[in-house]
Amino acid sequence: MTSRTPPDPTSSLIPSPASSSASVPSSFEDRYSRQILFPGIGERGQKALAHARVAIIGVGATGATSASLLARAGVGHITLIDRDFVEPSNLQRQILFDEQDAADSLPKAEAARRKLLAVNSSITVIAHIADLVPANIHALLGSAHLLLDATDNFETRYLLNDFAVQRGIPWIYAAAVGAYAATMTILPRLPSREAPSSPEHASGPPEDAPAPIPEVGILSEAEESPYLSLATERSDASPYHPTACLACIFPKPPTGPVETCDTAGILSTAVNLAASLQVTEALKILTGQPHLLRRSLVSFDLWQPTASTRLDHAEISAATPRPGCEVCDLRHFTHLAGTSRPHITLCGRDSVQIHEHHRPIDLAAMQRQLANIPDLSDVRSNSLLLRFRRGPFTLTIFADGRALIHGTTDVTVARSLYARFLGT
Ligand SMILES: [Zn+2]
């Protein structure tokens, strides 16, 4: 900073003459000028970001922070997927949401979409209020160049890993709990253009067959992007070398209790660090510089000093795929082939989610119907969800028939309430 020429204090007051040599609109140049100055991005990198399509799975703490960073950085197309709504306890760390969003119980994906467009109206932001499951993952994520994990559960991460490896789409794991932050960048093998890809084992239904390659959505709008060359160069000189996948490092999802933000709490600073690491890796991928990626599972404890008072920092190498890995070597996509999950207990929320059937609900009609039931209270709806209380339980119903039952972690109790109001 000190080596730079001090800014002219009047420069922001005097309109600059239009530059005839500008190859991009001056507003674009101005908006991203500090990022373009950074040698790792430059003008070419900035244009690549404008063509990039990134999907963020989960728009809680990490997802909201990563989405904000990507939107401000100029990533042109951002898809947000989240099944939850904003609550007051989110506001401590989920930086895209405010008190009004919590008062309105806005779905997080939609609340985040509105905030991101207020920050950067030149980009496209798509919000999906949905639970990511095998049945919808191809439709929701199929056109993305890059997937960012910001989920709160390993079930979804293993599903994401299966999908990303099958389709050859990079993804970045991120986790934050307590004062701990971790990320890992996964570069799967790219689908082969010339030779048939390695044989798929018939562990799933036909729709889980390997994706056609490589002109699937992944490249369709990236004509000018260095990402194009990243994704198509396969000579020995290519800087693209696959890393380990999630299942190379952890062959199975953890069993038994896992620390969550509910049980261990969470510092917003840990969230911000995880998101910063994740988005920096994303910028390297989207500007076609995979040789700069961290090839490890990196983690930090921001609270406990080591003897030298530095951040406690650990790394597990994830530099190369593990021979024999069920997912990226043997291509057994069991999570992708799995039937959709009927119910999930949410992270630290004293809630059960039920999504047994795709069952479109007319929320306004249902509200009128519930108004006649005496033991219900606080029956409220907006265009996206319907909520009411019954005794100690709060039910939130989404338009696709999904329900969150708050006030219990007992699946039987939740199922019974679901069946009573939405049928079995
Ligand atoms: Zn693997």
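**Exercise 1.** State the handedness of the crossing of α4 and α12, and describe how the axes of these helices are placed.

*Solution.* The model is a predicted one.
- Step 1. The crossing of α4 and α12 is right-handed.
- Step 2. The two axes come within 9 Å of each other and cross at roughly 45 degrees.
- Step 3. On the side of α4, the contact is made by Ala 61, Thr 62, Thr 65, Ser 66, Leu 69, Leu 70 and Ala 73. On the side of α12, the contributing residues are Val 271, Asn 272, Ala 274, Ala 275, Gln 278, Val 279, Ala 282 and Leu 283.
- Step 4. Sorted by class, the contact of α4 with α12 holds ten nonpolar residues, five polar residues and no charged ones.

**Exercise 2.** Describe the packing of α4 with α6, and classify the residues of their contact.

*Solution.* 
- Step 1. Helix α4 (residues 61–73) and helix α6 (residues 108–119) pack at an angle of about 25 degrees, and their axes are 9 Å apart.
- Step 2. Angles under 35 degrees count as roughly parallel; α4 is therefore roughly parallel to α6.
- Step 3. The crossing of α4 past α6 is right-handed.
- Step 4. From α4, the contact uses Ala 64, Ala 67, Ser 68, Ala 71 and Arg 72; from α6, it uses Ala 112, Leu 116 and Val 119.
- Step 5. The residues of this contact of α4 with α6 comprise six nonpolar, one polar and one charged.

**Exercise 3.** Locate Arg 93, decide whether it is buried or exposed, and identify its contacts beyond its sequence neighbours.

*Solution.* 
- Step 1. Arg 93 is placed in the loop between β2 (77–82) and α5.
- Step 2. Arg 93 has 21 C-beta neighbours inside 10 Å, so it counts as buried; the cut-off is 20 or more.
- Step 3. Leaving aside neighbours within four places in sequence, Arg 93 is in contact with Ala 61, Ile 266, Ser 268 and Val 271.
- Step 4. Arg 93 and Val 271 are 178 residues apart along the chain, while their C-alpha atoms are separated by 7.5 Å.

**Exercise 4.** Give the phi values of Ser 105 and Asp 378, and state where each residue is found.

*Solution.* 
- Step 1. Ser 105, a residue other than glycine, has a positive phi near 50 degrees. Ser 105 is found in the loop between α5 (99–103) and α6.
- Step 2. With 17 C-beta neighbours inside 10 Å, Ser 105 counts as partly exposed.
- Step 3. Asp 378 is not a glycine, yet its phi is positive, about 50 degrees. Asp 378 is in strand β11 (residues 377–381).
- Step 4. With 9 C-beta neighbours inside 10 Å, Asp 378 counts as exposed.

Notes
Residues numbered from 1 in each chain as written. Predicted model: local features only at pLDDT ≥ 70, side-chain atom pairs only at ≥ 80, totals over all residues. Axes fitted to C-alpha atoms, helices over the stretch in contact; angles between N-to-C directions. Helix = DSSP H or I, 4+ residues; strand = E, 2+ residues; numbered from the N terminus. Parallel < 35°, antiparallel > 145°, perpendicular 65-115°, else oblique. Left-handed = near helix turned anticlockwise from the far one by under 90°. Contact = placed C-beta atoms within 7 Å. Nonpolar A, V, L, I, M, F, W, Y, C, P; charged D, E, K, R; others polar. Buried ≥ 20, exposed ≤ 12 C-beta atoms within 10 Å, placed from the backbone.
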